[in-house]
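Take a look at the chain shown here. The paragraphs that follow walk through it step by step.

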Amino acid sequence: IDARLLNVLERLADEPGAISIGDAALASGLSESRMRTLARAQLGLPLSTWFIWRKLERAVRELREGSTLADAAAAGGFADQAHLARAMRRMFGITPRTAQRIGAAQGS
């Protein structure tokens, strides 16, 4: 993976929602459009899809640790619980509440 892309991925993964894709790209010395092209070529998917996946991963981890839906949404960098729910349904086909119950049933 290109070092600049790796830098962007690390920046975005550290604090989802704290920095935009465009800002992370500029901090790595590339334009946002060039970074998106590079990500698609090297990751095999759009950078925005990867970013949403990471945000959901963070939110689900918070849910499994017992956080409220609102706290999990905030930790994942979502605007609110509804934003988290829409993204989770679109990517996984389940609601955050269902994900929370699955995590509890698996013993976290």
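Start at Arg 58. Leaving aside residues up to four places away in sequence, Arg 58 touches Asp 14, Glu 15, Pro 16, Ala 75 and Gly 76. The model is predicted. Arg 58 sits in helix 4, which covers residues 47-64. Is Arg 58 buried or exposed? Its relative accessibility is 19%, so Arg 58 counts as buried, the limit being under 20%.

Arg 58 also has a charged partner. Side chains of opposite charge can pair when their charged atoms come close. Here the side chains of Arg 58 and Glu 62 form a salt bridge, at 3.8 Å from N to O. Both residues belong to helix 4 and stand four residues apart, about one turn of the helix. Glu 62 is buried, as is Arg 58.

Helix 4 holds another such pair. Glu 57 and Arg 54 are joined by a salt bridge, with 3.0 Å between the closest N and O atoms. They are three residues apart in helix 4, again about one turn. Glu 57 has a relative accessible area of 34%, so it is partly exposed. Arg 54, at 28% relative accessibility, also counts as partly exposed.

How many salt bridges does the whole structure have? A search finds four. One of them links Arg 4 and Asp 2, at 2.9 Å from N to O. Arg 4 counts as partly exposed because its relative accessibility is 34%. Asp 2 counts as buried because its value is 18%.

Arg 4 leads on to a helix packing. Helix 1 (residues 3-14) packs with helix 3 (residues 32-43) at an angle of about 95°, and their axes are 10 Å apart. The two helices are therefore roughly perpendicular to each other. On the helix 1 side, Arg 4, Leu 5, Val 8 and Leu 9 make the contact. Helix 3 contributes Met 35, Leu 38, Ala 39, Gln 42 and Leu 43.

Now turn to the surface. Trp 53, Met 91 and Phe 92 form a nonpolar patch there, with about 270 Å² of accessible area together. Met 91 belongs to helix 6, residues 81-92. Its relative accessibility is 30%, so Met 91 counts as partly exposed.

Finally, step back to the whole chain. It has seven helices and zero strands. The C-alpha trace spans about 45 × 25 × 25 Å along its principal axes. Of the 108 residues, 36% count as buried. The accessible surface comes to about 6,000 Å², and 49% of it belongs to carbon and sulfur atoms.

Definitions and conventions:
Residues numbered from 1 in each chain as written. Predicted model: local features only at pLDDT ≥ 70, side-chain atom pairs only at ≥ 80, totals over all residues. Heavy atoms only, no water. Patch = residues over 30% accessible without salt bridge, like charges linked within 9 Å, V, L, I, M, F, W, Y side chains within 5 Å. Areas by Shrake-Rupley, 256 points an atom, 1.4 Å probe, with all protein chains shown as cover. Buried < 20%, exposed > 50% of the residue type's maximum accessible area, 1.4 Å probe, protein only. Axes fitted to C-alpha atoms, helices over the stretch in contact; angles between N-to-C directions. Parallel < 35°, antiparallel > 145°, perpendicular 65-115°, else oblique. Contact = heavy atoms within 4.5 Å.
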